[in-house]
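This report describes the pockets, nonpolar cores and salt bridges of one structure. The sequence and the model come first.

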Amino acid sequence: MSFEVINPATGEKEGEFPAWEDARIDQALEQAAEVAPQWRALTISERCELMRGVAKVLRDNKEQYAALITREMGKLINEARGELEKCAWVCEYYADKAPEFLHDEPIESDAGKSYVAYQPLGTVLAVMPWNFPFWQVFRFAAPALCAGNTGLLKHASNVPQCAQAIEAIFREAGFPDGVFTTLMIRASQVQKVIEDPRVQAVTLTGSEPAGRQVAAVAGSVLKKSVLELGGSDAFVVLEDADLDEAVKSAVASRFLNAGQSCIAAKRFIVVDAIAEDFVARFKAGVESLQPGDPLDENTSLAPMARSDLREELHKQVVDSLAAGAVNVTGCDLYEDMPGAYYKASILDQVGPGMRAYSEELFGPVAIVIRARDEADALRIANDTTFGLGGNVWTRDSDRGERLARQLDCGCAFVNSFVKSDPRLPFGGIKLSGYGRELSHHGIHEFVNAKTVWIK
């Protein structure tokens, strides 16, 4: 078995890497287990200083890593640079904040002294996706490693070079061997790693089916898990919204990373009073996007990461059109371009019974659902099995806040599209998963909150 690197912009094979056999996996697990006591024994300040060095390596080599991301999964080069800057930020954030977040917490009781001590769990397996091949990993690794855990990475099969580069970054920053290790394994090998007694917890960012499988395995061996799964974020536009700003953000949110983001705005829920105006403006903005070489800074629409993902998306679009959705623009492949490009698209008049209404469309396709009024918009926004993020657009910020509090999701934004921020907790509810990443909430996911009571 091997991992192939196919350039999404050209369709050409750029590399091949062998998958590990069981003996090599066992060696990595043993190394992580052996180094864990040494890593845990360092002071948190020492661990955080090493994490600060990771940020420096990322920044010093940003152009090299950005080009690697773009060649391997197709992201626009400027977006790849932005992803790396964010990775450096999260490393510096936890280097600064981890000592505060993990400080012993005094609690008054009948003891002479009692407190909560936050101690590492051990080795954590991270099963990560391809769409943000650096950010998703560092979002996990920065807090987990600062807390004193060791990390194992099972990355997506189409980004093996990014996976190997991330391990090399930790080594270059001075982390002991085994504190962070990339496992070159297939999805079929993940279960045995989770079940291994040298692994104490698992975190996954990925699809709902993958989340169910990982949660079932982790539950069967009573190990902590955190899941960040899919989303179909509502983008609610009320009649008093600033349409210029709303449309600008709608295009940015939906088509960032060729629409391949769990927190991208996907369902544009627009009240009837301004629906026609919004759709006309949105169409103009979407049609201004230019496909091309993602390494060219003038390109504004990247290819999708893989051709099979493009075919799956197109089938959802075709089925929705057959069920009564209206093609505003796009809704087709580029027949005259190599690679995995899909036209920037808008489906209007989407309603219940259509695949676009109930499923996540993971690519450059926006769906418009029309609502009678605010109450109807809220009903539609919450009429989904997902619960990751959502946003509300209105000139009345108090009105927006009231509506945001009623959205069934883990992240609600008013007059901005949803984005992750190291300072704020990130995660979802319902079929979008459980647990939180980032902020102090994230670093507490993989520690033992231990009560210490002294007479």
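Helices (H or I, at least four residues) and strands (E, at least two) are DSSP runs, numbered from the N terminus. The model is predicted, so local features need pLDDT of at least 70 and side-chain atom pairs count only at pLDDT 80 or more, while totals for chains, interfaces and linings use all residues. Residues are numbered from 1 along each chain as its sequence is written, and side-chain values use heavy atoms, with hydrogens and water left out.

**Pockets**

A pocket is an open set of points on a 1 Å grid over the protein atoms alone, where a 1.4 Å probe fits, with protein on both sides within 12 Å along at least five of seven lines; lining residues have an atom within 4 Å of a point. Grid points are joined across faces, edges and corners, and the volume is the space filled by probe spheres set on the points. For the lining classes, Ala, Val, Leu, Ile, Met, Phe, Trp, Tyr, Cys and Pro count as nonpolar, Asp, Glu, Lys and Arg as charged, and the others, Gly among them, as polar.

The largest pocket holds about 1,200 Å³ of space. Its lining has 42 residues, and Trp 130, Gly 206, Ser 207, Glu 208 and Ala 210 lie nearest the centre. Helix α8 gives the most to this lining, with 6 residues; α7 (190-195), β8 (201-205), α8 (208-220) and α11 (307-322) each supply at least two. By class, the lining of the largest pocket has 21 nonpolar, 12 polar and 9 charged residues.

The second largest pocket has a volume of about 420 Å³. Of its 21 lining residues, Lys 86, Phe 132, Leu 256, Lys 419 and Ser 420 lie nearest its centre. Helix α4 gives the most here, with 4 residues, and the lining divides into 9 nonpolar, 5 polar and 7 charged.

**Nonpolar cores**

A nonpolar core is a set of buried Ala, Val, Leu, Ile, Met, Phe, Trp, Tyr and Cys residues joined through side-chain atoms within 4.5 Å. Buried means under 20% relative accessible area, exposed over 50%, and partly exposed in between (1.4 Å probe, protein chains only).

The largest core has 134 residues, and Leu 58, Phe 134, Phe 138 and Phe 278 have the most contacts inside it. Helix α4 (residues 77-101) gives the most to this core, with 12 residues. Another core lies apart from it, with 26 residues, including Val 5 and Val 214. Contact means heavy atoms within 4.5 Å. Beyond neighbours within four places in sequence, Phe 278 is in contact with Val 237, Leu 243, Val 247, Ala 250, Phe 268 and Val 270.

**Salt bridges**

A salt bridge is a side-chain nitrogen of Lys or Arg within 4 Å of a carboxyl oxygen of Asp or Glu.

| Asp 22 | Lys 192 | 3.6 Å |

Arg 399 is buried, at 13% relative accessible area, whereas Glu 239 is partly exposed, at 39%. Glu 167 and Arg 171 are 4 residues apart in helix α6 (residues 160-172), which means that about one helical turn separates them. A network of salt bridges links Asp 26, Glu 30, Asp 196 and Arg 198.
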